[in-house]
Amino acid sequence: MAEETIEKSSSSEEEKNKAVDPTFFSCLLQPSSADLDPQYIGIRRLLLCRKAESGVHRRKDWRCNGKGYVAYRNYIRRPRNWESLHAPSHSSTPGQSGRWIPSPAPLSLLFEVDSWSSSRDLRSGYQASSHRTSFSSSASDNDPPVRKVEPAYSFVGMHCIFDQCKASVTVLKFGNKSSDLLAYGAADGTLTVCTVSQPPSIIKELRGHSKDVTDFDFSSNNQYIASSSMDKSVRVWEISKGLCIRVIYGISSQLCIRFHPVNNNFLSAGNANREITVFNFSTGRVINKAVFDDAVTAVDHDHTGQLIFCGDAQGCIYTVNMNSHTGSLSRSHRNRSSNNRKSPVTTVQYRSFSLLARGPVLLTCTQDGSLSFFSVALEIQGYLTPRCSLKLTPRVHSIRASFCPLLSLEKGEYIVAGSEDSNVYFYDLTRPRHTCVNKLQGHGSPVIGVAWNHGENLLASSDSDGTVIVWKRAKTS
């Protein structure tokens, strides 16, 4: 009888532990939307669901403490077994400029909450190849793939083409949380807003800048666009009317611009006068400024709006604290370029989660072809730790790069970038050599800009001849 009682109690405990609703965890991790492919989101939900269940079973004493979805999401994104996986990194061999760099301090100092253990760690094969203590990469834009192309980054062809622009398309972006609203700026000062839904068409052509459009950004509701230009002005456009509703003149070329992600009444613009200026969107007045060592060429916010990451014309990356209520700025960290030849930063892109760092990361790209990947310590005012670097062929144009969508918890970390040879290349940062895994051919001139839509099924690329191609990704099986 006693044995039966023990067996019953143990079985009831197992049933309790297994009473985890997969749909609940999946919905928390990946809310669905109407514009996503059902098969794609189903596979992604399944992978994330399994990860969540594994975490619950392995960490039974974990509690959400009433902090809701954000606390839960941030908790599971913390590093897992990172310290045990680190080994001393030796210098890379000649000609291999990219390498993994271990953190200078234990990550337990950066994260106050213990990490979850997971048997399916991204780098589970680390022990089998422990003799290789540093990842090194040297790649050119025309490196041939040496293994089968990842199914997740295969494309079925061109979804649509916009070729009415006769000048170089310098920057392009999809709208915030939009899968069909696309805009691109050109060297002739025009800004074109279009839709890529069937049938693809141009919505508005915004004219007002007299020189190159260097950057632009959508407001959170996609009703407005703020653009910067070499003509020393920042313009605010109302998309529905196609009108410029505000012009802010500066004393030097305006090189990059972003809306504040939380307080859309703030606009942050970097200029050639070595400044980041915060403007009031409603009045156009200057709220605050921060001065740097050289022209500010690229900028991005973190998801909280409390940090600004920017790059300058010498290749340095800065972290700036920003008050979301007052707009005040204060510099906190600077990461100097290790290259002897200083090159302007063309891309600064923040992502709140990465498979490599198991936390927030920053991607930077310079005009000489250097791609750098940093982990971001939000607890230490956005301190940047280099994780990986990749050296590509030097560029003449200001070519941009972008993160690729996260697809599963077992695959690598991918980025996409344009090139001087008219191709779009995909790179896997987790591979020690031959990092190029795929390329798209279709442009007739150097590819400058790349951007994913919110649904992650379309990739847009632009070239120096003014052509914009929207590529359709193959459905994952």
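The model is predicted: local features need pLDDT of at least 70, side-chain atom pairs count only at pLDDT 80 or more, and totals for chains, interfaces and linings use all residues. Residues are numbered from 1 along each chain as its sequence is written, and side-chain values use heavy atoms, with hydrogens and water left out.

Start with pLDDT, the predictor's confidence in each residue, from 0 to 100. The protein chain averages 76. At least 70 is reached by 67% of the residues. Over residues 52–70 the pLDDT stays under 50. The model still has 27 contacts for residues 52–70 beyond four places in sequence; a contact means heavy atoms within 4.5 Å. Residues 144–151 are also below 50 in pLDDT, with 14 contacts beyond near neighbours in sequence. Where pLDDT is low, the predicted coordinates should not be read in detail.

Now take Val234. It sits in strand E10, residues 233–238. Strands (E) are DSSP runs of at least two residues, numbered from the N terminus. Val234 counts as buried because its relative accessibility is 1%; buried means under 20% relative accessible area, with a 1.4 Å probe and protein chains only. Beyond four places in sequence, Val234 touches Ser227, Arg246, Val247, Ile248, Gln254, Ile257, Ala269 and Phe279. Gln254 is 20 residues away in sequence, yet its C-alpha is 7.0 Å from that of Val234.

Next comes Thr346, in strand E20, residues 345–354. Thr346 is buried because its relative accessibility is 8%. Its side chain reaches the backbone oxygen of Ile399 at 2.8 Å. Ile399 is also among the contacts of Thr346 beyond four places in sequence, which include Ala298, Cys365, Ser398 and Arg400.

Notes:
Helix = DSSP H or I, 4+ residues; strand = E, 2+ residues; numbered from the N terminus. Buried < 20%, exposed > 50% of the residue type's maximum accessible area, 1.4 Å probe, protein only. Polar contact = N/O pair within 3.5 Å; in protein donor to acceptor, adjacent residues only side chain to side chain.
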